[in-house]
Amino acid sequence: MDYSKVGQQISNYQNMSNHYFDMMNQVTTVGAKTTDMNFQEMVEGSGINAVQTSNLSVSMKQGVIKDTKNPTHMAIDGNGFFVVSDGEKTKYTRAGEFKFNENGTLVTPDGLNVQGFQLDEKGARNGDPVNVSLPLDPKTKLYGGKYTGFEVDDTGKVYGLSKITNPVTGQTISQKTALYQVAIANFSDPTSLKPSGKAGFVASDKSGDAVVGVSGEGSLGKIKPHSLEMSNVDMVAMTMKAIEAKTAYNSSFAVFKTMEKMTQMALQLIR
């Protein structure tokens, strides 16, 4: 029996076990998606690289959507991903646990900038997606220098809120100004996206290029404001897969040690 082949199988089983244990740790990660692998391909594959690339398949089964009451949280009900950027690379995520940072930019917990379309005075999209930004003036406590607050609706539009008081009647009128519309992207084969970070993805050759739109457009899902999508990782299923891979690892390792012992005995007899 080929020592190198058995050794490679041991490495593959170990990598599979580690992968599934990592998945178990993502049960509570907002927007996390299960990544699975072809068991036979892993056995015949080339170690850790096989785990990271062609043998992974992402489950896009939707997780439970929960209302958090947080005005910057968002979830997508249906197909698609939020578009986020580090300024150079674009990533995609289902995890809408967003907040405004100290500069007034809407970001992920990892600091990636949420992308959206700027809207003109008529509420129409203008240009390509940009960072969603609504800085809070520390002196006036106004967003963007003129809004008392903000809100996001179920079309993903971000509004600046303001109040105007009629100097004659003294009547106060609340107004909403549409500023941005959060971008949503989808792919011809989203199950072939490459995982990047806890709940992020990047495009691959198999996934195809991103098609970017907005909430409810075409086949894209709808944004649920002040909500989050929970992980779709099945703890029981991941535990069983981890045990299966660990058992296969232990069996292969035992075979390897037996082969090694028999080889040593044969060499002693030859001497």
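These are my notes from looking through a predicted model of one protein.

**Overall make-up**

The protein has 271 residues, and 41% of them are buried. I went through the secondary structure next and found 18 strands and four helices.

How much surface does the protein expose? I got about 15000 Å², with carbon and sulfur atoms supplying 51% of it.

Then I checked contacts between residues at least 6 apart in sequence. Of these, 62% join residues at least 24 apart.

**The cores**

Which residues touch the most other members of the largest nonpolar core? I looked, and they are Met 74, Phe 82 and Val 182, out of 21 residues in that core. At least two residues each come from β4 (74–77), β5 (81–85), β11 (149–152) and β13 (172–186). β13 gives the largest share, with four residues.

**Asp 153**

Next I went to the loop between β11 and β12 (157–165), where Asp 153 sits. Asp 153 is buried, yet I found no salt bridge for it. Which side chain of opposite charge is nearest? That is Lys 176, 5.8 Å away; a salt bridge needs the charged atoms within 4 Å.

What I did find is a polar contact of 3.0 Å between the side chains of Asp 153 and Tyr 159. Setting aside neighbours within four places in sequence, I list Tyr 159, Ile 223 and Pro 225 as the contacts of Asp 153.

**Gly 87**

My last stop was the loop between β5 and β6 (90–93), which holds Gly 87. Is Gly 87 buried or exposed? I have it down as exposed, because its relative accessible area is 62% and the cut-off for exposed is over 50%.

I also checked Gly 87 against Leu 112. They are 25 residues apart in sequence, and their C-alpha atoms are 8.1 Å apart in space.

Note on methods:
Residues are numbered from 1 along each chain as its sequence is written. This is a predicted model: local features need pLDDT of at least 70, side-chain atom pairs count only at pLDDT 80 or more; totals for chains, interfaces and linings use all residues. Side-chain values use heavy atoms; hydrogens and water are left out. A nonpolar core is a set of buried Ala, Val, Leu, Ile, Met, Phe, Trp, Tyr and Cys residues joined through side-chain atoms within 4.5 Å. Buried means under 20% relative accessible area, exposed over 50%, partly exposed in between (1.4 Å probe, protein chains only). Contact means heavy atoms within 4.5 Å. Accessible areas come from the Shrake-Rupley method with a 1.4 Å probe; for residues, only the protein chains shown count as cover. Lys and Arg count as positive and Asp and Glu as negative; His and the chain ends are not counted. A polar contact is a pair of N or O atoms within 3.5 Å; within protein, one must be able to donate a hydrogen and the other to accept it, and residues adjacent in sequence count only if both atoms are side-chain atoms.
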